[in-house]
Amino acid sequence: MGLSVTISAADAQDAEHILKLQYLCYQSEAELYGDWSIEPLTQSLDALRAELDEGYGLVARLGDEVVASVRGRLDEDGTVRIAKLIVHPRMRRHGLGGRLLDGIERHFAAAAPATASAKRYQLFTGHRSEGNLRLYRSKGYAQVSTRELGPKLTLVTLEKAA
């Protein structure tokens with residue numbers, strides 16, 4: 001009998017699993033841009049725990065294994081900043097990233113109090129990360145800016161209305 005993927009809120013006990021998965025998932029990005037010093041590969045466990053404490057995270061599990069994750073936080077201006085959407089390489093191209101993106105948006109749409117409601121969702125990726133760009137555009141995100149970080153990397157910021 002096969003296992004199905006379940007999605008739930010991330011908690012402190014998930015942090016180490018998320019960090020290991022993040023390290024695995026960002027290898028391909030580091031290779032794509034020729035830069036192994038990118039923040040997802042150098043982030044400490046304490047910094048990841050702080051992100052979870054300050055915002056909200058989701059994990060996808062296949063049985064007991066964390067196979068995907070995403071994090072987000074709501075700014076004072078109503079922008080939900082979505083970050084580090086990761087899917088284990090063997091689980092990619094099966095809709096899991098889209099499910100997590102939908103889930104984090106639903107959380108902030110439902111959880112935000114009236115005084116600090118989500119007005120927009122925003123995320124970013126590298127200009128050569130075609131799979132990421134394709135997913136985000138398919139979910140209604142549109143490019144709003146670019147920022148050159150160096151000769152090899154331009155960050156593309158995308159957003160959509162909440």
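User: Which residues does Tyr141 touch, leaving aside those up to four places away in sequence?
Analyst: Contact means heavy atoms within 4.5 Å. By that rule, Tyr141 touches Ile82, Leu101, Glu105, Tyr121, Gln122, Leu123, Tyr136, Leu158, Glu159 and Lys160, with residues up to four places away in sequence not counted. This is a predicted model: local features need pLDDT of at least 70, side-chain atom pairs count only at pLDDT 80 or more, and totals for chains, interfaces and linings use all residues. Residues are numbered from 1 along each chain as its sequence is written, and side-chain values use heavy atoms, with hydrogens and water left out.

User: Which residues have the most contacts inside the largest nonpolar core?
Analyst: A nonpolar core is a set of buried Ala, Val, Leu, Ile, Met, Phe, Trp, Tyr and Cys residues joined through side-chain atoms within 4.5 Å. Buried means under 20% relative accessible area, exposed over 50%, partly exposed in between (1.4 Å probe, protein chains only). Here the largest core has 24 residues, and Ile82, Leu96 and Tyr141 have the most contacts inside it. Two or more residues each come from S2, S3, S4, helix H5 (96–111), S5, helix H6 (130–138) and strand S7 (154–161). H5 gives the largest share, five residues. A second, separate core of 15 residues includes Ala30, Ile38, Leu41 and Leu48.

User: How do I check H5, and which of its residues are buried?
Analyst: Start with the elements themselves: helices (H or I, at least four residues) and strands (E, at least two) are DSSP runs, numbered from the N terminus. The expected span of a helix is 1.5 Å times one less than its number of residues. For the 16 residues of H5 that gives 22 Å, and the end C-alpha atoms are 22 Å apart, which agrees. Leu96, Gly97, Gly98, Leu100, Leu101, Gly103, Ile104, Glu105 and Phe108 are buried in H5.

User: What is the strand order of the open sheet?
Analyst: Two strands pair if DSSP finds at least two bridges between them. The open sheet has seven strands in the order S1-S2-S3-S4-S5-S7-S6, with mixed pairing. Strand S1 (5–9) and strand S6 (142–148) have a single partner each, so one side of each lacks a neighbour in the sheet. On average, neighbouring strands are turned by 25° against each other, direction ignored.

User: Which pairs run parallel or antiparallel?
Analyst: Strands of a sheet pair through backbone hydrogen bonds, in either sense. S2 and S3 are antiparallel over seven bridges, and Tyr56 stands opposite Gly72 in S3. Six bridges join S3 to S4, again antiparallel; the partner of Arg71 is Ala83 in S4. S4 and strand S5 (residues 120–126) are parallel over three bridges, with Arg81 opposite Gln122 in S5.

User: What should I look for in the hairpins?
Analyst: Look at the turn residues. Two residues separate S2 and S3, and Gly63 in that turn has a positive phi of about 65°. Four residues separate S3 and S4, where Gly78 takes a positive phi near 90°. Asp75 also sits in the loop between strand S3 (65–74) and strand S4 (79–87). Asp75 is buried, with a relative accessible area of 12%. Its side chain makes a polar contact (a pair of N or O atoms within 3.5 Å; within protein, one must be able to donate a hydrogen and the other to accept it, and residues adjacent in sequence count only if both atoms are side-chain atoms) with the side chain of Arg73, at 2.3 Å.

User: How much of S3 is buried, and which helices lie across it?
Analyst: Seven of the 10 residues of S3 are buried. Axes are lines fitted to C-alpha atoms, for helices over the stretch in contact, and angles run from 0 to 180 degrees between N-to-C directions. Helix H1 (residues 15–25) lies across strand S2 (56–62), S3 and S4, at about 95° to S3. Helix H4 (residues 45–54) lies across S2, S3 and S4, at about 60° to S3.
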